[in-house]
2 protein chains.
Amino acid sequence: MKITLLCTGKTDFSYISSGMQIYEERLRHYVKFSVVYIPALKNVSSLTEEQIKEKEGLLILKEIGTGKNGAAKRAGNAWVVLLDERGMSFDSVGWARHLEQKFLSGGTDKEIFFVVGGAYGFSEDVYARANEKISLSQMTFSHQMVRLIFIEQLYRAFTIMKGEPYHHQ
Amino acid sequence: MKITLLCTGKTDFSYISSGMQIYEERLRHYVKFSVVYIPALKNVSSLTEEQIKEKEGLLILKEIGTGKNGAAKRAGNAWVVLLDERGMSFDSVGWARHLEQKFLSGGTDKEIFFVVGGAYGFSEDVYARANEKISLSQMTFSHQMVRLIFIEQLYRAFTIMKGEPYHHQ
């Protein structure tokens, strides 16, 4: 089992990178985990929001390995989860149980991608490829802060699965 | 109108302080805003969770000005909002409207306290004093990260109220 957090665009704030690093290191005690950044688009000022989502979407799908230009090696195998305001919501324990089910049903060769979109969200092609959508909150968090909030929540899920004392109910 | 974010215990992570500083500075363009830290308790290892909440609660109430030892100068005037998992939840626009209503109804002399509890939450006395409870998510965030998430959400609310382009729907 491998988990990849796919982030659209670089991290603009050093506090976000510093925070993520803490949880990245902690997560690696539990699972093969990496963060992959989709390169930021160039010359976005000449593009509409739809065009930005479209172009970012192609890069996301390429990384997942199911895009037009992507190798098909991981196609069908990877489980793709979008971080999306319209997604399913959980409390932290429910989320840990959901993730645990995915591990139990998926077998150890499975790869899970969690995808954080850019400022305008995901293209229709990305929605079409996704296996599920999860929401961290009804509130809109900045797409930068979502990375940090999610990675802490992923770490929290592992501590809950392992019965470790990080999470207070 | 004055807003105080009251945090229980110091901030343990420098990435949280750095992030908060960014939004603190931005918020001061809109409102008289300050962050106040309740000093961390000493010798907590000899205390039960209930005792920790109790002692932290006294310090919170003192700061708000309605505790046994606190001056009554602000009593009854300050609006006290707890950041609590069992609180009301909003989307970001709903939250901005809620806050705006509070400003409109409150008059400019009103002080609002947003209170982030410690690792174990709030004492009954703090719940009793609170005017309302709001929840950022069904998920449990670390009490450290709640500070950062909330301050960004407070900043976001002001940009929504002012019709500024920070928030994408």
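Which strands of chain B does helix H2 (residues 49-64) of chain B lie across? The legends below take up this point in a predicted model.

**View 1. Helix H2 of chain B on its strands.** Helix H2 (residues 49-64) of chain B lies across S1, S2, strand S3 (79-89) and strand S4 (111-116) of chain B. The helix runs at about 150° to S2(B).

**View 2. The open sheet of chain B.** Five strands make up this sheet, in the order S2-S1-S4-S3-S5. Their pairing is parallel. Strand S2 (32-38) and strand S5 (132-135) of chain B are the edge strands, and each pairs on one side only. On average, neighbouring strands are turned by 30° against each other, direction ignored.

**View 3. Strands S1 and S2 of chain B.** Strand S1 (residues 2-8) of chain B pairs with S2(B) in the parallel sense. The pair is joined over 7 bridges. Cys7(B) has Tyr37(B) as its bridge partner in S2(B).

**View 4. The open sheet of chain A.** The strand order is S2-S1-S4-S3-S5, with 5 strands and parallel pairing. At the edges are strand S2 (32-38) and strand S5 (132-135) of chain A, each pairing on one side only.

**View 5. Strands S1 and S4 of chain A, with helix H2.** Strand S1 (residues 2-8) and strand S4 (residues 111-116) of chain A run parallel, joined by 6 bridges. Within S4(A), Val116(A) is the bridge partner of Cys7(A). Helix H2 (residues 49-64) of chain A packs on the sheet. The helix touches S1, S2, strand S3 (79-89) and S4 of chain A. Its direction makes about 150° with that of S2(A).

Technical notes:
Residues are numbered from 1 along each chain as its sequence is written. Chains are lettered from A and ligands numbered from 1 in the order in which they are written. This is a predicted model: local features need pLDDT of at least 70, side-chain atom pairs count only at pLDDT 80 or more; totals for chains, interfaces and linings use all residues. Two strands pair if DSSP finds at least two bridges between them. Helices (H or I, at least four residues) and strands (E, at least two) are DSSP runs, numbered from the N terminus. Two residues are in contact if their C-beta atoms, placed from the backbone, lie within 7 Å. Axes are lines fitted to C-alpha atoms, for helices over the stretch in contact, and angles run from 0 to 180 degrees between N-to-C directions.
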